[in-house]
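Please consult the sequence and the model while reading the points below.

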Amino acid sequence: MIYERKRLFIGLLIVSLLAVCMLAVAIWYLVFSPESSVVYKLVLLAVDAVLIIAILLAGFGLAGIVLTLVRSKPLALLQGPVRVALNTFFPLVLILGKLLSIDLNRIKRSFIEVNNNLVRAMHISAAPDQLLLLAPHCLQSSTCTHKVTGNVDNCRRCGQCMVSDLLRLRDHYGIRVGMATGGTLARKYVRDYRPKAIVAIACERDLTSGILDANPIPVLGVTNLRPHGPCHDTQFSYQRVDEAIQYFLRNGSDCI
């Protein structure tokens, strides 16, 4: 299991915010250029106004993220700006990371850590039937002939892959389980089950997009294990998933 520090994502978020600030200053300088036409200046002013609003919201959101992580307690007034900072600036953070030759999966793992800590700070409780465990279909053995994406109960629990472990967790806690082939089916599970909280297993790419798509539903993400390469006979840490489920059900301690 590879862990990534939260500071990587937060640091890149700060640099991204500063870069947008510099862009806004540059546009402001062009507005007052004597060589610019009136129409051109008005367009620049409109663009700058949008940027300034985004900067202010993201700035408050960044403050909300840091304060929430430090206090382990959310600030209700800053929840909106926090969502703006995460959703709007996440693509910029990835672009900046690519320019700096930082492994994108490292950035995404750092984002997942930030998200998990923000979710834990909210102290959300959920009844078993309000909790959805989402898992990727690549957990299923590549040699298995039984289709489990439509109905996970088609699994024969032979123990050759970890689908049987998903069912064990479901039966033990009475939660809902969905196995998705991609984002479309995952979103369908969310629409159909309307969960109060989600525990999701996936690779870094699918976890980050799923966390952003599910917002404002809280998601605790657990990155999968890929001993045979991407999307092939993947596995997961049973302990981490079990702890994430317990967290929502008992609304309490830090455990993932």
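Strand β3 (residues 197–202) runs parallel to β4 and is joined to it by 5 bridges; strands here are DSSP runs of E of at least two residues, helices are runs of H or I of at least four residues, and both are numbered from the N terminus. Within β4, V219 stands opposite I198. The model is predicted, with local features requiring pLDDT of at least 70 and side-chain atom pairs counted only at pLDDT 80 or more, while totals for chains, interfaces and linings use all residues. Residue numbers start from 1 along each chain as its sequence is written, and side-chain values use heavy atoms, leaving out hydrogens and water.

**The sheet**

- An open sheet is formed by 4 strands in the order β2-β1-β3-β4, with parallel pairing; two strands pair if DSSP finds at least two bridges between them.
- Its edge strands, each pairing on one side only, are β2 (176–180) and β4 (219–223).
- From one strand to the next, the twist averages 20 degrees.
- Helix α7 (residues 204–214) packs on the sheet and touches β3 and β4, contact meaning heavy atoms within 4.5 Å.
- The direction of α7 makes about 175 degrees with that of β4; axes are lines fitted to C-alpha atoms, for helices over the stretch in contact, and angles run from 0 to 180 degrees between N-to-C directions.

**The chain as a whole**

- The chain has 8 helices and 4 strands, which follow the pattern α-α-α-α-β-α-β-α-β-α-β-α along the sequence.
- Its C-alpha atoms fill a box of roughly 75 × 35 × 30 Å along the principal axes.

**The two domains**

- The domain assignment gives domain 1 (2–71) and domain 2 (78–251), with bounds that come from an automatic or database assignment.
- The centres of domain 1 and domain 2, taken over C-alpha atoms, are separated by 30 Å.

**The interface between the domains**

- In domain 1, 26 residues are in contact with 24 residues of domain 2.
- About 2300 Å² is buried between domain 1 and domain 2, and carbon and sulfur atoms give 80% of this area; buried area is the accessible area (1.4 Å probe) that two parts lose on being put together, summed over both.
- E4, F9 and L12 supply 29% of the area that domain 1 buries against domain 2, more than any other three residues.
- Helices α1 (6–31) and α2 (38–71) are the elements that give two or more residues to the side of domain 1 touching domain 2.
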